[in-house]
Amino acid sequence: MNLYKRISLLFLVIAIAACEDVIDVPVQTAPARLTVEASLDWEKGTAGNNQTVKLSTSTPFFDTTANTAVTGATVTVTNDGDGTQVVFVDRNNGTYTTTEFAPMLGQSYTLDIQYNGETYRANETLNPLTDITEITQSREDGFNEDDLEVRLLFTDPPEEGNNYLFKFQKQGELLPELEVGTDEFINGNEIDWWYEIEEDDETDKIEAFVPGDIVNIEMYSTSEAYNNYLEILIEQIGGVGLFQATPVAVKGNCINTTNPDNFAHGYFRLTQVIRTSYTFE
C-alpha cells in the first residue's frame, strides 16, 4: 500500500509539472499621447521668472525602456491681458525653459504647444495665496490621538472661490501626500489644517511622526478646475475597492484644437506657492 501511495504521488507531481504553461494575459493598449507637465508655480518671495514645461509621450504600462522625451515642439505662454508672449526654449531633453515669465496675480494665461503638426492649447488664471500664519504640532486633531500631526494656521480671504493644494512629505520618504481643499463652507474664516501620517494596514511599514522627524510642506493656490482634476487623481491613486470608482483616463485642460480626439494627458496650471518645513519636537 505504501508503494502504491508513493507511485501515485510521483505521477501526481509529474502531472502538475507537465501542466505548467506560460499564460499571456492581454493588456489593454492605447495610442501614444502627448503628456504635458506645465506647472508654472510662483513661489512667494521670488520673482517667479524661471519656469519649466516638460513634454513627453505616454507608453504602455510595462514599457520601462522607451525614451519618451518630446523634442522639437514649440511652447509659448501668453498673458491674455496685454498679449505678452513668452517663448520656452527647447533643451532637447523634453524640457522647455524660460527666464522671462512675468507672473501677475488675477491674470489669465494661455499655453500653446505646436507638436507633430497639431496645436494644443490650455488656459489658466493665477490666483493669489494667503500666508501661513503659524505652524505647530499636536496630538488632538488626527485619527489617532497618540500620533503627532503638523498643523497649519491661515486665514481664507473673504472672496469666494479659493482653492488649495497641500503637499506633505516626510524627509526620507519617496513620495509626498497630496490633499486638496476649498473654501465652500469656510469662506473668510481662520483655518486650522492638519496632517497626520496614516499607517498602511497591509504592510505596517509606514510609521507615524516622532520627535526629530522633518516634514516638507507646500501650500498652493489653485483654480476650481484644477482642484476638481486633482480630486479625481487622488481618488484613483487609492486603488480600486468595493466602493471605489473604476480608474479611467482623466483628461486635463490641454485641448488639441487641430484634432480633438487626439487629446493630451497632463495639465497646465498656474499657482502661487509657499514652501517650508517643520521639525517635530
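A: Buried means under 20% relative accessible area, exposed over 50%, and partly exposed in between, with a 1.4 Å probe and protein chains only. This is a predicted model, in which local features need pLDDT of at least 70, side-chain atom pairs count only at pLDDT 80 or more, and totals for chains, interfaces and linings use all residues. Residues are numbered from 1 along each chain as its sequence is written, and side-chain values use heavy atoms, with hydrogens and water left out.

Q: What average pLDDT does the protein have?

A: The term pLDDT denotes the predictor's confidence in each residue, from 0 to 100. The protein averages 85, and 78% of the residues score at least 70. Over residues 1–14 the pLDDT is below 50, and this stretch has zero contacts (heavy atoms within 4.5 Å) beyond near neighbours in sequence.

Q: Which residue forms a salt bridge with D41?

A: The partner of D41 is R269, with 2.8 Å between the closest N and O atoms. The two residues are 228 apart and link distant parts of the chain: D41 lies in strand β1 (residues 34–43) and R269 in strand β15 (residues 265–279). Strands here are DSSP runs (E, at least two residues), numbered from the N terminus.

Q: Are D41 and R269 buried or exposed?

A: Both D41 and R269 are buried.

Q: Which residue forms a salt bridge with R275?

A: R275 pairs with E43, the closest N and O atoms being 3.1 Å apart. This pair also links distant parts of the chain, with R275 in strand β15 and E43 in strand β1, 232 residues apart. R275 counts as partly exposed because its relative accessibility is 36%; E43 is partly exposed because its value is 27%. Furthermore, E43, K167, E218 and R275 are linked in a network of salt bridges.

Q: Where do K44 and D131 lie in the chain?

A: The side chains of K44 and D131 meet in a salt bridge of 2.6 Å, N to O. K44 is in the loop between β1 and β2 (51–57), whereas D131 is in the loop between β7 (118–125) and β8 (132–138), so that the pair links parts of the chain 87 residues apart. K44 is partly exposed because its relative accessible area is 28%, and D131 is partly exposed because its relative accessibility is 44%.

Q: What is the order of the strands in the open sheet of three strands?

A: Strands of a sheet pair through backbone hydrogen bonds, either parallel or antiparallel. Two strands count as paired if DSSP finds at least two bridges between them. The order in this open sheet is β8-β9-β12, with antiparallel pairing. Its edge strands, β8 and β12 (190–195), each pair on one side only. Strand β9 (residues 149–155) is joined to β8 by six bridges in the antiparallel sense, and Q137 has V150 in β9 as its bridge partner.

Q: How many bridges join β1 to β2?

A: Four bridges join these antiparallel strands, β1 and β2, and T35 stands opposite S56 in β2. Strand β2 also pairs with strand β5 (residues 95–98), again in the antiparallel sense and over four bridges. There, V53 has Y96 in β5 as its bridge partner.

Conventions: Salt bridge = Lys/Arg side-chain N within 4 Å of Asp/Glu carboxyl O.
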